[in-house]
Amino acid sequence: MFLSTKKCEGLGECIKECPTEAIRLIEGKAFSCITCGACAEACPNRAIFKNRYGGYVVDRARCNACGVCEMTCPVNSIHIEDGVVKGICSRCGICADACPIDARVDAYDVIEDRQLKFLEALNLTVQPTLPAKKEDEKVQRTNVITDTEKCTLCGRCEYYCPTDAIMVDVNLEGKCTQCRVCEDVCPVGAIEEGVIDPEKCTLCLKCMKECPQNAIYINDFEVNIRKPEEDEEIEGNIVSCLNCGLCADACTRGALRQINGKMRYDPTLCKDCKTMECLEACPVGTLRLSEGPERTVKGFCVSCGRCVKACDYSEARSFENITWKGDVSDDCISCGVCAEVCPKNAITLKKGSIEVDLEKCVLCEKCAIHCPKDAIKKTTMHKMSITDGFTFVQDKLCMRCKLCTKICPEEAITEGEDGSIVVDDSKCTYCGACSNACPARAILFEREFEVSQ
């Protein structure tokens, strides 16, 4: 909820700006809906729902203004005017911005004792529990990561990974990346530092067969290595399993399990599976169908460390303990993508930030992978970008609160001459901030993601 501090002088600017009329003066202090959710639980039409900000929104397409929510509200905030339910806070944060003396604060941002004392002073019927967040609280997991500053994208780790949990994509198909696999497999030691000794070479062609880049060829009884030109540089990315365990959670057969923080797989439990929900659950796309008969799926890290040993020159692969305190950078625009894609429903939006339930978070990095502003840190090079979509305001449902025009980070939504709300498609980035906050659920919104190259 949003609270008024002792600084409040009852100026009323927050009341004027509140799009849902959820703020009123009590003894000269601004007081608003406490977002307890009692109205949503009582609504017989299920027309009130909790949005990604942690506030509540009325679906006017379902609402018939029966008044049950009004009678249920423990703080008498809800009222109905001309068939429209008002007085329910959507936690948009406009009130805090509107206050000229900064007397409105987000309850998430203040200490628990101050919250409870303030609520007790107001003699509320319902006093929600607002747990304090410990400064040292964090979520963690251990997996093998790539130091992109050291990595040369040679693909050596990919070759030696026994479960195909590493995918290296480079621009030099058919040319040597100096992975040195040919040196490893040559039975007579005829290859050294990318140079073939014709006196030792027996033309067994083992190197040509095993070369990950298909850069080795034979011409006139001589084996050659096709190397990049002097002005050609290796470019691309490397993506590996994050060991987050989402695939195990989604596996309906129990063939994938996370035991003591490490992925384990029993192929006998995976046979003839029709759903393969585990594949869709993988946040980085390494889990995929296997071509071999020994297992149905591949691309899960078993923490064997073979890639770490194989990366002996650049030492770019290593076991790391990854942690996150739920923090984001100042680039956050409250677009809601992170909350939308989080498979554990661990993220609640705040204006310009997020609140993360670290007990639910598994560090799958889907939020960071999909974040259009890169406001959340990630360890993987995998990235999903918004490529298309549409935003449309349903005029019959719109209550003209103009909250969408205020919350849009791109100023893509404006008020037309006739008072209707108009979306400028040329400016809209399909972030979804307007749809997340709309108190009338009047915005139709869709977006499409694609893997960034």
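**Salt bridges**

This predicted model holds 20 salt bridges. One of them joins D312 to R180, with the closest N and O atoms 2.5 Å apart. That pair links distant parts of the chain, 132 residues apart. D312 sits in the loop between α11 and β20 (317–324), and R180 in the loop between β10 (166–170) and α7. D312 is partly exposed, at 38% relative accessibility. R180 is buried, with a relative accessible area of 12%.

R156, R180, D184 and D312 are linked in a network of salt bridges. R180 also has an aromatic neighbour: it lies over the face of Y313, at 3.7 Å from the ring centre.

| Salt bridge | N to O distance |
|---|---|
| D312 and R180 | 2.5 Å |
| E291 and K298 | 2.8 Å |
| K402 and E415 | 3.5 Å |

E291 is exposed, at 66% relative accessibility. For K402 and E415, the side chains meet at 3.5 Å. K402 lies in the loop between β23 (384–393) and α14 (403–407), and E415 in strand β24 (residues 413–415), so this bridge ties together parts that are 13 residues apart in sequence. K402 is partly exposed, with a relative accessible area of 33%. E415 is also partly exposed, at 42%.

**Aromatic contacts**

How many aromatic pairs are there? The count comes to two. Y159 and Y160 form an edge-to-face pair, with 4.9 Å between centres and 85° between planes. Y159 is partly exposed at 28% relative accessibility. Y160 is buried at 15%.

Y265 and F300 make a tilted pair: 5.1 Å centre to centre, 50° between the planes. This pair links distant parts of the chain, 35 residues apart. Y265 is in strand β17 (residues 262–265), while F300 is in the loop between β19 (297–298) and α11 (306–310). Both Y265 and F300 are buried.

The charged end of R441 sits over the F49 ring, 4.1 Å from its centre.

**Cysteines**

A search of the whole structure finds zero disulfides. C14 is in none, and its nearest cysteine sulfur, that of C8, is 6.3 Å away. C14 is buried, with a relative accessible area of 6%.

A disulfide needs sulfur atoms within 2.5 Å. C204 counts as partly exposed, at 45% relative accessibility.

F390, F392 and L444 make a nonpolar surface patch of about 290 Å². L444 is placed in strand β26 (residues 443–451). L444 is partly exposed, with a relative accessible area of 38%.

F445 is found in strand β26 as well. Is F445 buried or exposed? At 17% relative accessibility, F445 counts as buried, because the limit is under 20%. F445 and G87 are 358 residues apart in sequence and 25 Å apart in space, C-alpha to C-alpha.

**Backbone and loops**

Most residues other than glycine have a negative phi. D82 is not a glycine, yet has a positive phi of about 50°. D82 lies in the loop between β6 (79–81) and β7 (84–86). D82 is exposed, at 82% relative accessibility.

E193 also has a positive phi, near 55°. E193 is placed in the loop between β11 and β12 (195–196). At 56% relative accessibility, E193 counts as exposed.

V188 lies in the loop between α7 (181–185) and β11 (191–192). V188 is partly exposed, at 38% relative accessibility. V188 and T202 are 14 residues apart in sequence, and their C-alpha atoms are 7.8 Å apart in space.

Note on methods
Residues numbered from 1 in each chain as written. Predicted model: local features only at pLDDT ≥ 70, side-chain atom pairs only at ≥ 80, totals over all residues. Heavy atoms only, no water. Patch = residues over 30% accessible without salt bridge, like charges linked within 9 Å, V, L, I, M, F, W, Y side chains within 5 Å. Areas by Shrake-Rupley, 256 points an atom, 1.4 Å probe, with all protein chains shown as cover. Salt bridge = Lys/Arg side-chain N within 4 Å of Asp/Glu carboxyl O. Helix = DSSP H or I, 4+ residues; strand = E, 2+ residues; numbered from the N terminus. Buried < 20%, exposed > 50% of the residue type's maximum accessible area, 1.4 Å probe, protein only. Phe/Tyr/Trp six-rings, centres within 6.5 Å; stacked < 30°, edge-to-face > 60°. Lys NZ or Arg CZ within 6 Å of the ring centre and 35° of its normal.
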